[in-house]
Amino acid sequence: MAKRFSITTLGCKVNQYDSWRLAGELVRLGWEQAGEGEPDLVVVNTCAVTAAAARQSRQALRRAGREHPDALLAATGCQAQAAAGELAAIPGVALVAGNPQKPVLARMLDQASPGPCRVEVSDARACREFGAPDRLVAGDRARPFLKVQDGCDAFCTYCVVPATRGPCRSMDPEAALAHLCGLAGMGYGEAVLTGIHLGRYGVDLGPEHTLESLVRRAVALLDAPRLRLSSLEPDEFVPGFLSLAGKDKGVCPHFHLPLQSGSRAVLSRMNRPYTPELFASVVREIAAALPHAAVGADVLAGFPGETETDFAETLALLESLPLAYLHVFPFSPRPQTPAATFSGRPDAAAVRARCAAARKLSDRKRGAFYRRMEGRMLFVSAQGPVAPGSGEWTGVSENYVPVRFVPNKSVAPGTLLPVRVESVRGEKVVAKPL
Ligand code: SF4
């Protein structure tokens, strides 16, 4: 009987993609997904981006040890890379493998045996290879991710990721295009291009390779799925993406730009290489070219030294811009990052209040953006029934509006279909297939 595995994933889209890849490689080695059954192997693909994510990673490992005492327990991912010893000390953990080990992790796990914990973590900064999978990775989402870039050389002062993921590395463009064609061949109408620092795609491949050139080539492919760009640094947005935007083809008119702060002084202490003015001009440029595009932003509240005035500048900037939503995070000091040693952290109550104010603004912006969709035709990527057996489905539009609809014909998750928005109540957007 085949041995069974389960994988728990924390953190970002890139980590999720890595887990899907690992699952596919384990299956090819003869393993099967445990599903409801008892697993022989549990892998926790950890995250280190905030203290909460690191804590949840440890909790997931402890829980797996309690719930599956006979399974082989392994940890990988960014917290495994950043704090291998801490995870190795958790009872029952038999293997801790770093991010550089991920391309060979399936074989390592296949050959692993219970016993004293083995730690296989090498220096992520020494990684030079992208290590593309040799098979298609589709995962279990209706809108699959394609990781085309890994690593980061930006060293924002609050971020542990350059240490845990290593330097910028990119997928060979021919391989990326082949993967996209493969996803289209499987019936997916949309793929999400992801990376740790996506806008730096190609820097390691040569000057002629950029994210824009990759996207241009992908869009020119006859049967390529439409592409959603997961996140772009404000200073790396290029106007070329605007001319490539479309509804059911090309680049989705949805751009996520991490602002973090609207204060010049705070951005400078964060080592973020742009100004609030540049961010504002990019958002306005997108809105002028594509009035119905969704532009989202990340906000990091409570960075050391952030004053009430700094945060008021952030809110005022966000308020003034045609944004569709915000993702709001409180500052979390990460070990071995410069910001962890910075003085002047606002007290916890102030940080909570700032996050709450930014989230309230986000709710308002999101509601107003959704209301603008009333009566519009959108192309949604069908996700699946709202609940098992329900006739109502959810879908995600080109401009990132979650839509509910009742299909008028048989539809498979991942396919694109045109709908017209009939009503918007709060966050519930109801549409009719055309
Ligand atoms: S760009 Fe900055 S925040 Fe993003 S992964 Fe790199 S160092 Fe971290």
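## Two parallel sheets in a predicted chain

Phe5 stands opposite Gln33 in β2. This pair belongs to the contact between β1 and β2, which run parallel and are joined by two bridges. Helices (H or I, at least four residues) and strands (E, at least two) are DSSP runs, numbered from the N terminus. Two strands pair if DSSP finds at least two bridges between them.

The model is predicted: local features need pLDDT of at least 70, side-chain atom pairs count only at pLDDT 80 or more, and totals for chains, interfaces and linings use all residues. Residues are numbered from 1 along each chain as its sequence is written.

**The six-stranded sheet**

Strands β1 and β2 are part of an open sheet of six strands in the order β2-β1-β3-β4-β5-β6, with parallel pairing. At the edges stand β2 (32-33) and β6 (118-120), each with a single partner strand, so one side of each has no neighbour in the sheet. The table lists strand pairs from both sheets of this report.

| Strand pair | Bridges | Opposite residues |
|---|---|---|
| β3 and β4 | six bridges | Leu41 and Leu72 |
| β13 and β14 | six bridges | Ala297 and Leu326 |

Strand β3 (residues 41-46) is mostly covered, since six of its six residues are buried. A residue is buried if 20 or more other C-beta atoms lie within 10 Å of its own, exposed if 12 or fewer, and partly exposed in between, with C-beta atoms placed from the backbone. Leu41, Val43 and Asn45 point one way from β3, while Val42, Val44 and Thr46 point the other way.

Helix α1 (residues 13-28) lies across β1, β2, β3 and β4 and runs at about 175° to β1. Helix α2 (residues 51-67) packs on the sheet and touches β1, β3, β4 and β5 (93-97); its direction makes about 175° with that of β3. Here two residues are in contact if their C-beta atoms, placed from the backbone, lie within 7 Å. Axes are lines fitted to C-alpha atoms, for helices over the stretch in contact, and angles run from 0 to 180 degrees between N-to-C directions.

**The three-stranded sheet**

A second open sheet has three strands in the order β12-β13-β14, and the pairing is parallel. Its edge strands are β12 (254-260) and β14 (325-330), each of which pairs on one side only. Neighbouring strands of this sheet are turned by 20° against each other on average, direction ignored. Helix α11 (residues 276-289) lies across β12 and β13 and runs at about 165° to β12.

**Around the ligand**

The residues around the ligand are Cys152, Ala154, Phe155, Cys156, Cys159, Val161, Pro162, Ile196 and His197. A residue counts as near if its C-beta atom, placed from the backbone, lies within 6 Å of the molecule. By class, this shell has eight nonpolar, one polar and no charged residues. Ala, Val, Leu, Ile, Met, Phe, Trp, Tyr, Cys and Pro count as nonpolar, Asp, Glu, Lys and Arg as charged, and the others, Gly among them, as polar.

**The whole chain**

The chain has 13 helices and 19 strands. Its radius of gyration is 22 Å, close to the 22 Å that the globule rule gives for 434 residues, so the chain is as compact as a globular protein of that length. The radius is taken over C-alpha atoms, and the rule is 2.2 Å times the number of residues to the power 0.38. Of the 434 residues, 46% count as buried.
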